[in-house]
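Please look over the points below with the structure open beside them. They go from the overall fold to one residue.

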Amino acid sequence: MTTETIGTATMLEDGTLVLDVRAMGPGMVGDARLTDPPAHANYAEVKKHLGALKPGQTVPVKPFA
């Protein structure tokens with residue numbers, strides 16, 4: 001992972017987004033896996049942030065604003 005990304009995102013065959021991300025701060029590191037199915041309230045916003053992503057693909061995740 002570079003400083004320009006916070007992790008990776010994969011789209012499953014059913015459209016579910018799986019984000020493996022890392023947050024770092026002074027003296028702290030945290031890893032998380034976020035799973036957003038298409039019915040999730042934030043799905044459209046997250047998908048837009050990720051850009052073009054098709055089932056089976058994995059892309060880097062840029063930091064969220």
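This is a predicted model: local features need pLDDT of at least 70, side-chain atom pairs count only at pLDDT 80 or more; totals for chains, interfaces and linings use all residues.

**Notes on the fold**

1. Residues are numbered from 1 along each chain as its sequence is written, and side-chain values use heavy atoms, with hydrogens and water left out.

2. One helix and four strands are present, in the order β-β-β-α-β from the N terminus. Helices (H or I, at least four residues) and strands (E, at least two) are DSSP runs, numbered from the N terminus.

3. Strands β1 (residues 7–11) and β2 (residues 17–25) run antiparallel and are joined by five bridges; two strands pair if DSSP finds at least two bridges between them. Thr 10 stands opposite Val 18 in β2.

4. β2 also pairs with β3 (residues 28–36), in the antiparallel sense, over nine bridges. Their hairpin has two residues between the strands, and Gly 27 in the turn has a positive phi of about 75 degrees.

5. Thr 5 lies in the segment before β1. Thr 5 has a relative accessible area of 18% and is therefore buried, the cut-offs being under 20% for buried, over 50% for exposed and partly exposed in between (1.4 Å probe, protein chains only).
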